[in-house]
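Me: I am new to this structure and would like to know what the labels used for it rest on. Please set each value against its definition.

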Amino acid sequence: VQLQASGGGLVQVGGSLRLSCAASGRTFSANSMGWFRQAPGKEREFVAGIGWNGGSTYYTDSVNGRFAISRDNAKNTVYLQMNNLKPGDTAVYYCAAAGLVYYSDWVPKLKTGYDYWGQGTQVTVSS
C-alpha cells in the first residue's frame, strides 16, 4: 500500500500550488483522508481533512479560506489546492489515510487517527 504525494515546489508569496495524493495497493474510497504538514523544528500538524464521499471537509484555522481539499474516488486520489500562499505555509506536506474510518463524515485531526502515510512533498513559499 502506497500513498504518493506530489505537486510541491517553490512559489512566491500569494501564489498557488495543487498537491495530489494517489493511492495504490488498495482503495481508500471509503475512508477519511487528511493532509498534514511539518515545518523544520515543529510538530507535524493537521491541515485539512475530507470525509469518505467529499461531503465534509475540515481545515485548520490558518488555512481556512485559502486551501481546499477534494477527492476523486474513481482515481483513488486526494487533492489539496493551496491559494494565497504565505511564508508560514512552508513545510513538508503529507497525505494520510484513516484506514479504520469507513463511510464517515468524521475526519481525525490527530496523527494517531491515520494508518497510512505518504512520503511527503516539499512546499516552499518565498517572500
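Me: Which residues does Leu80 touch, not counting residues up to four places away in sequence?
Reply: Leu80 touches Leu17, Arg18, Leu19, Trp35, Val47, Ala48, Phe67, Ala68, Ile69 and Tyr93. Contact here means heavy atoms within 4.5 Å. This is a predicted model, in which local features need pLDDT of at least 70 and side-chain atom pairs count only at pLDDT 80 or more, while totals for chains, interfaces and linings use all residues. Residues are numbered from 1 along each chain as its sequence is written, and side-chain values use heavy atoms, with hydrogens and water left out.

Me: What makes a group of residues a nonpolar core, and how many residues has the largest one?
Reply: A nonpolar core is a set of buried Ala, Val, Leu, Ile, Met, Phe, Trp, Tyr and Cys residues joined through side-chain atoms within 4.5 Å. The largest has 27 residues, and Leu80 is among those with the most contacts inside it, as are Leu3, Trp35, Val47, Phe67, Met82 and Tyr93. A second, separate core of seven residues includes Phe46, Val101, Val107 and Tyr114.

Me: Why is Ser32 called buried?
Reply: Buried means under 20% relative accessible area, exposed over 50%, and partly exposed in between (1.4 Å probe, protein chains only). Ser32 has 0% relative accessibility, so Ser32 counts as buried. Ser32 lies in strand E4 (residues 31–38); strands are DSSP runs of E with at least two residues, numbered from the N terminus.

Me: What lies 2.7 Å from a polar atom of the side chain of Ser32?
Reply: The backbone oxygen of Trp106 lies at that distance. A polar contact is a pair of N or O atoms within 3.5 Å; within protein, one must be able to donate a hydrogen and the other to accept it, and residues adjacent in sequence count only if both atoms are side-chain atoms.

Me: Why is Gly9 called partly exposed?
Reply: Gly9 has 24% relative accessibility, and therefore counts as partly exposed. Gly9 lies in strand E2 (residues 9–12). Gly9 and Val123 are 114 residues apart in sequence, yet their C-alpha atoms are 5.0 Å apart in space.

Me: How do you know that E1 and E3 pair?
Reply: Two strands pair if DSSP finds at least two bridges between them. E1 and strand E3 (residues 17–24) have five, in the antiparallel sense. Leu3 has Ala23 in E3 as its bridge partner.

Me: In what order do the four strands form the open sheet?
Reply: The order is E1-E3-E8-E7, with antiparallel pairing. The edge strands are E1 (2–6) and E7 (67–72), each pairing on one side only.
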